[in-house]
Amino acid sequence: MMELVKIAKTNLRNNLKKKLSQMTASEIAEQSKIITNKILSHPVYTRSNRVSIYLSMDSEVQTNSIVENIFDSEKICFIPKYNKSEMLMVKIKSIDELNSLPKTSWNISQPADDDVREDALTTGGLDLIIVPGLGFTMDGKRLGRGKGYYDQCITEYKKKYPFNNLKTIGLAFSEQICDDIPMSQQDSLIDFIVCP
């Protein structure tokens, strides 16, 4: 059974990657702008103080303006820091600091391995995690890139801070909305999906 879910996910990933590769830069910018406006007025976002946000790759919903708003509205900003086995959510103090971070092989900014920063998991948890993905259903199923980083992370935070009422929001282009996504036991459901 697990094997079938795995195969179905791989096929769906390939289809979605193909769809995303056919989007033009202007379509990406246009949809990202609509999604950004929806996020900035989303009640969960407006009431959240400790916010984790992914730094977007070219083929993802662009998050630069959301990051700027996190600082402008004096929320506390956390970004993912990946290593081989896990993903930490680490604190960033300003846009300048963000711009000075080194880039990974994926061309994403993240603190260097020896750059020790406040980790949200050990300092009070998070109110909101804004989540990337390859595909989503409107009822919260998510297909990531297959490493399980976000599923693991969301589960950890909910277990350690059961009373924080952590919320998750997935950002998706119209092209990324699926009718259904095969799920396995360790997959987390996303609370809200924001798309154009």
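**Starting from L55**

L55 is buried, at a relative accessible area of 13%. Buried here means under 20% relative accessible area, exposed means over 50%, and partly exposed is in between, with a 1.4 Å probe and protein chains only.

Ground rules. This is a predicted model, where local features need pLDDT of at least 70, side-chain atom pairs count only at pLDDT 80 or more, and totals for chains, interfaces and linings use all residues. Residues are numbered from 1 along each chain as its sequence is written, and side-chain values use heavy atoms, with hydrogens and water left out.

Where does L55 sit? In the loop between β1 and α4. Helices (H or I, at least four residues) and strands (E, at least two) are DSSP runs, numbered from the N terminus.

Now strand β1, residues 50–53. R50 and S52 point one way, V51 and I53 the other, and all are buried. β1 pairs with β2, residues 76–82, in the parallel sense over 3 bridges. Pairing requires that DSSP finds at least two bridges between two strands. V51 stands opposite C77 in β2. β1 also pairs with β4, residues 128–131, again parallel, over 3 bridges. There, I53 stands opposite I130.

β1, helix α4 (residues 64–72) and β2 form a right-handed β-α-β unit. Right-handed means that, with the strands pointing away from the viewer, the path from the first strand over the helix to the second runs clockwise.

On to pockets. A pocket is an open set of points on a 1 Å grid over the protein atoms alone, where a 1.4 Å probe fits, with protein on both sides within 12 Å along at least five of seven lines; lining residues have an atom within 4 Å of a point.

The largest pocket is lined by 39 residues, and R145, G146, K147, G148 and Y149 lie nearest its centre. Elements giving two or more residues to that lining are α1 (2–21), β2, β6 (142–143) and α6 (149–160).

The second largest pocket has 19 lining residues. L55, S56, N64, K103 and S109 lie nearest its centre. α4 and α5 (95–99) each give two or more residues to this lining.

Last, the record. The unreviewed UniProt entry has a "binding site" annotation covering L55 and E60. Both are in the lining of the largest pocket. One caution: such annotations may be inferred rather than shown by experiment, feature names are shortened, and positions follow the numbering used here.
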